[in-house]
Amino acid sequence: MIPEFSATAARPPKAWWWGVIALIALAMVMLPYYVDIALQLDLSIIFVFALLALSMGFLWGYAGILSFGQTIFFGLGGYAYAVLALNTGMTGLPFLGALLIPVAFSALLGYFMIYGRISDIYLSVTTLVVTLIFEKSIRSTSGPEYVIGSVRLNGQNGIPGVPGLTLPWLDGAPLSIEGVFYLTAGAMLLVYVALRLLLTTRFGRVIVGIRENERRMELLGYDTRLYKLGAFVLAGGIAALSGVLYALWGNFVAPEMFNLNQAAQVVIWVIVGGRSTLIGPIFGTGIVQYTSNWLGTVGVGQVTLVLGIVLMVFVLVFPRGLLPTIGDAFGYVRRRVAGRGAAR
Amino acid sequence: MTVEPILSTTALEKRFGGVRAVAGVDFSLQPGELRCLIGPNGAGKSTFFKMISGQLKPTSGEIRIAGHDMLNAEAYQIARSGIGIKNQVPDVMNGLSVRENLWLAAASRHRGAAIGRSVDRITERLALTAILDRLVGELAHGQRQWVEIGMVIVCEPRIVLLDEPAAGMSDEETVLTAELIREINKDMTIVVVEHDMQFIRRIARTVTVFHQGRILIEDSFDKIAADPTVREVYLGRSGGT
């Protein structure tokens, strides 16, 4: 089995893996020179959503915590950036602040859920309910009395005109489409590499141990709640980053960031791609988003219905998701070839 | 001469609804002991173990480990205070390899390169080299028990609690397990719950008999084996004649 495809492989990545990462990074750098702006925008949003999928896939696949509501931190990140940037006229500090606020909230929510020792299924339900509460609350803020600083929350209309990131070395001009492409691609690649390396550390191995058998890990002397909270907050931070980038990408935030549709899509991306890998959620996001865009353009209609069928096929036929299934097939072929070689 | 007990319980009690699974146990263990707990099914032995290791909260009573009150401690704090337990049913990370299981156990105690060294030592001691990269869930029951025992002792606890270490093992494995227990007893205090009297005869010095949630009697193996009350509540049932 390729280490990359195993949820248990805690070994450091091999040289070929770094080579592939370098090639992908190079391709990302070159891409804007060869493709048009529309494709760059499409890819950027896939990278943003891939981060959200990574946040959930990491938490579910490696720490064994199925959070249905990573959209809580996604939405909070987006809204926090919009409110902070519009109020201050700055973008750099609000970017950081918009990461900290959802992280603090994930620590609070995670603390009550994990230290309260609620069962896995209640954790899933609680996170889903919390994201829906956020959606409903924000939807009901259309009146002029709902103002933070000088920014109206605008209820279901969302907040338009969210400023793009300005960087000092760009003379104060907001990031171009190309810049957003680099930012989202870079963020996704960095988070992916960081998570992959994290799995080789003590923390990464311990959370996998907790996923496998929490009681045994406690009896070995690990404060499992602390590790689970750590994983939850980390995933919250990644979802928050995704939310801020979403706001930067569209210059717009809306209550839909928190809604059931968005929350369910994250689960679909992860299931299609495969939750026992990190690369799976990224591909899952790409495939599902590309398919729904394509279904939209060819005018099939019923995009949701088609996606629903795709999801059912995956759950029934490839329950582990696309990438782990391909990984297994690859490993099987390799063993057969190796076996034949040995027989000679 | 009495040394301070390394583990003691006073009037320890656990109720499940109306049932008193453990009904006031005063238990005391000296450092270096190898104690066996026996008793019929439902006598409260496993419940007693689970309370000591923090898996169950006692209804009332007192637990002291090396003099420290551990009644309200979390399971991980009890583990860190030096208690290692092998539960009755193999309780391991089935989806991980033997190596990864041992690594996680060793990493709870050591840091850095010391983790790898202690995994190597335990692998050699328990002859697990051949199965090191197999998933634990794919192993036979007896092998999983060995992996779990390995995980417990690699943490170098002061007190090892073994709940039916020989259950489901072949005769040969049982003999090896008895040898292993005697050997690790050189460094660690051990309490074993077992049903297999041949096994107990091999390892025990002092035997504590549980009956209906209480300690019935505590004495050497030979005296226990000859005791008419014990024969009635326990040996008589399994021994026949």
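I'll start with the core. The largest nonpolar core has 165 residues, and A:L51, A:A53, A:L54, A:Y81 and A:V244 touch the most other members. A nonpolar core here is a set of buried Ala, Val, Leu, Ile, Met, Phe, Trp, Tyr and Cys residues joined through C-beta atoms within 7 Å. Buried means 20 or more other C-beta atoms within 10 Å of the residue's own, exposed means 12 or fewer, and partly exposed is in between, with C-beta atoms placed from the backbone. Helix α9 of chain A, residues 224-250, gives the largest share of this core, 16 residues. Helices (H or I, at least four residues) and strands (E, at least two) are DSSP runs, numbered from the N terminus.

A word on the source. This is a predicted model, in which local features need pLDDT of at least 70 and side-chain atom pairs count only at pLDDT 80 or more, while totals for chains, interfaces and linings use all residues. Residues are numbered from 1 along each chain as its sequence is written, and chains are lettered from A and ligands numbered from 1 in the order in which they are written.

Back to A:Y81. Leaving aside neighbours within four places in sequence, A:Y81 is in contact with A:P94, A:F95, A:A98, A:V162, A:V244 and A:A247. Contact means C-beta atoms, placed from the backbone, within 7 Å.

Next, the helix pair. α4(A), residues 92-115, packs on α9(A) at an angle of about 145°, with the axes 8 Å apart. Axes are lines fitted to C-alpha atoms, for helices over the stretch in contact, and angles run from 0 to 180 degrees between N-to-C directions. Among the residues that meet are A:F95 and A:A98 in α4(A), and A:V244 in α9(A). The residues of this contact divide into 15 nonpolar, four polar and two charged. Ala, Val, Leu, Ile, Met, Phe, Trp, Tyr, Cys and Pro count as nonpolar, Asp, Glu, Lys and Arg as charged, and the others, Gly among them, as polar.

Now the chain contact. It takes 16 residues from chain A and 22 residues from chain B. On the chain A side, α7(A) gives the largest share, five residues. By class, that side has five nonpolar, four polar and seven charged residues.

How enclosed is α7(A)? Largely, because eight of its 11 residues are buried. Those buried residues, including A:R205 and A:E212, pack against α8 and α9 of chain A together with α3 (98-107) of chain B.

Terms used
Contact = placed C-beta atoms within 7 Å.
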